[in-house]
Amino acid sequence: MHSLPPLTNTVFSLSFLDDWCYSSQAKVLNCSGPEAWPGYCQTGEQSPINIITKQIKLNYSLVDFKFSGYDLKQETFIKNNGYTIKMPLPDSAKISGGGLSGTYKGVESHLHWSDSVDKGSEHTIDGKAFAMEMHVIHMKEKFANLSMALASSDRDAFAVLGFLIEASNQKHEGFQIILDALDKVSYKNGNTFTKPLSLEELLPDVKNRKKYFRYMGSLTTPDCDVKVIWTVFKTTIGLHKDQAFQLLLQDFILFHRILFRDQSCWEPSDHDALTVMWIMGKPQSGPLARCDHPPFT
Ligand SMILES: [Zn+2]
């Protein structure tokens, strides 16, 4: 299958390259969009993909996953790395079964989104994009660290679980804990701890993690290493539309217009008008100023 170009801002944050970005960012920033991404990005079996349901084949060897450590409830570190918000997974978060060759241990989870509830996901199903997508990344248990996993020749060095997120009419209590922490990570490298939260609380109930799409693919950001066994779950995560809107508006705008620049001031343009209005309507924790200009009043 052919891969789709990435649809959104964001990220798998294991790259050592700093100047890559998504198409929408490349329009306003001096950085390399997907067409110019290095490494394996222009070759190979790249992710994400459009899943064409008429072409999938049932595979009865794809049994249920076993999840362990997903229920560990703890204050969760959350960081804005300039591309997304990411949360390292506890060492104890492990998966096995699911057609995997062995046990994989947690690395991190992060979100993909855009400025619209109908195009934020990286994977699409029959051409349909979803509001957001959550990736839960694991590497083979044998690897002591990420560098070893990235350096390995294992085609399935990483196992990434993808959860598509839709806007719904029900409030999602788990995601609300993340939303409540966003104000504290408004700037690149901003970080904080959430209230106690488990990975389990963010995902569909385990009985709804039995149906999934499986393919061999790649990391979705530079260097796009072709070392990922992908699982995209059929059951979506539902966020209340107000919650989805909060993420889409707050973070998309901030990430794209301000945060990615890694500075506490910026040169506003007409393009930034919405951002400025929004910020003025919502007090920030620190001083926020235009570059070489007086602070906003
Ligand atoms: Zn991702």
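Trainee: Leaving aside neighbours within four places in sequence, which residues is Phe158 in contact with?
Mentor: Phe158 is in contact with Ile137, His138, Met139, Ala149, Lys227 and Val228. Contact here puts the two C-beta atoms, placed from the backbone, within 7 Å. Keep in mind that this is a predicted model: local features need pLDDT of at least 70, side-chain atom pairs count only at pLDDT 80 or more, and totals for chains, interfaces and linings use all residues. Numbering runs from 1 along each chain as its sequence is written.

Trainee: OK. Which residues of the largest nonpolar core touch the most other members?
Mentor: Met132, Met134, Phe158, Val160, Phe163 and Ile165, out of 51 residues in that core. Several elements supply at least two core residues each, among them β2, β6, β8 (132–140) and α3. β9 gives the most, with 7 residues. A nonpolar core means buried Ala, Val, Leu, Ile, Met, Phe, Trp, Tyr and Cys residues joined through C-beta atoms within 7 Å. Helices (H or I, at least four residues) and strands (E, at least two) are DSSP runs, numbered from the N terminus.

Trainee: And how many helices and strands are there in the protein chain?
Mentor: 5 helices and 15 strands.

Trainee: Switching topic: where does Lys171 lie?
Mentor: In the loop between β9 (158–168) and α3 (173–181). Not counting residues up to four places away in sequence, Lys171 touches Gln176, His240 and Gln243.

Trainee: Why does Lys171 count as partly exposed?
Mentor: Because it has 13 other C-beta atoms within 10 Å. The cut-offs are 20 or more for buried, 12 or fewer for exposed and partly exposed in between, with C-beta atoms placed from the backbone.

Trainee: Last one: which strand pairs with β2 (residues 65–68)?
Mentor: β5 (residues 94–97), in the antiparallel sense over 4 bridges. Strands pair if DSSP finds at least two bridges between them. Ser68 stands opposite Lys94 in β5.

Trainee: What is the bridge partner of Lys94 in β6?
Mentor: Lys105. β5 and β6 (residues 104–113) pair in the antiparallel sense over 2 bridges. Their hairpin has 6 residues between the strands, and Gly98 takes a positive phi near 60° there.
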